[in-house]
Amino acid sequence: VFRSLAQAHASVANEVYQELGQPSVFLFCPTEYCSSLCSPSPSQSCYLQTIGQELLPGISVIWTGPKVVSQELSAALLEEVEGVLRRRLVIWDNLYANDYDCRRVFLGPYMGRAPGLMPRLHGLLLNPNCELQANFIPIHTLGTWFQSELGSHANPDHAGMEMVAALGDSRGPQEGSYSPQEALELALCDWVVEINQQALEPGR
């Protein structure tokens, strides 16, 4: 019925998207969802070219970066993919993921994501450690990074300013700056408070 796998994927995704009334959030994860899975490269991938051409513009595409677990993300690394897919990306960030190796638990700060990245994205999803309690630092430092990204906008919109105000904290980063080490120290201080509170609960 279809000339290629990519055409089949785009056709089915488009039909489901339209059947659901074109919702404001509709995510599509391509088979080639990072640069290392593209042959020979994202810009020359026939699969991604077809997805970019045929997938309806209201559908967001999930991308993990250069690799499945990407140590670095920057606007330059994403530019090629944005061009072929013809839309801003939703990053599916596997920095902390350990579902593929239960011996790996990443308790470090959110890092390796370039300043000014957020305006280039349509969204960001964090794939956490499988161990629930191990995600306090990942989520806390992601929030600090996000707050810094909001503050780095030269002319944030009204909604962005409200978000900055809502997230504002005298201990937080200065506008437009993000230090993984400072974010880690802030997260650790808050985690100790959380642990002490839980220790006082009955039955703990």
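Which elements are included in what covers the buried residues of H2? The tour answers this at its third stop.

**Before starting**

The model is predicted: local features need pLDDT of at least 70, side-chain atom pairs count only at pLDDT 80 or more, and totals for chains, interfaces and linings use all residues. Residues are numbered from 1 along each chain as its sequence is written, and side-chain values use heavy atoms, with hydrogens and water left out.

**1. The whole chain**

Display the protein as a cartoon. Its secondary structure comes to six helices and four strands; helices (H or I, at least four residues) and strands (E, at least two) are DSSP runs, numbered from the N terminus. From that terminus on, the elements run α-β-α-β-α-β-β-α-α-α. Of the 204 residues, 40% are buried, where buried means under 20% relative accessible area, exposed over 50% and partly exposed in between (1.4 Å probe, protein chains only). Among contacts (heavy atoms within 4.5 Å) with a separation of 6 or more, 73% are between residues 24 or more positions apart.

**2. The sheet**

Select the four strands. They form an open sheet in the order E1-E2-E3-E4, with parallel pairing; two strands pair if DSSP finds at least two bridges between them. Strand E1 (27–28) and E4 stand at the edges with a single partner strand each, so one side of each has no neighbour in the sheet. E1 is joined to E2 by two bridges, and Phe-28 stands opposite Val-61 in E2.

Select Tyr-47, Leu-48, Thr-50, Ile-51 and Gly-52, the buried residues of H2. Their cover includes H1, E1, E2 and H3. Centre on Ile-51: leaving aside residues up to four places away in sequence, Ile-51 touches Ala-6, His-9, Ala-10, Phe-28, Leu-85 and Arg-87.

Then widen the selection to the largest nonpolar core, which has 31 residues; Phe-28, Ile-51, Leu-55, Trp-63, Leu-78 and Leu-85 have the most contacts inside it. A nonpolar core is a set of buried Ala, Val, Leu, Ile, Met, Phe, Trp, Tyr and Cys residues joined through side-chain atoms within 4.5 Å. Two or more residues each come from helix H1 (5–19), helix H2 (46–54), strand E2 (60–63), helix H3 (75–85), E3, E4 and H4.

**3. Aromatic pairs**

The structure holds five aromatic pairs. Rings of Phe, Tyr and Trp (its six-membered ring) pair if their centres lie within 6.5 Å; planes under 30 degrees apart count as stacked, over 60 as edge-to-face and the rest as tilted.

Select Tyr-110 and Trp-145 first. Their ring centres are 5.3 Å apart and their planes are at 65°, so this pair is edge-to-face. Tyr-110 lies in the loop between strand E3 (89–93) and strand E4 (121–126), and Trp-145 in helix H4 (residues 136–152), 35 residues apart. Both residues are buried.

Phe-136 is partly exposed at 23% relative accessibility, whereas Trp-191 is buried at 18%.
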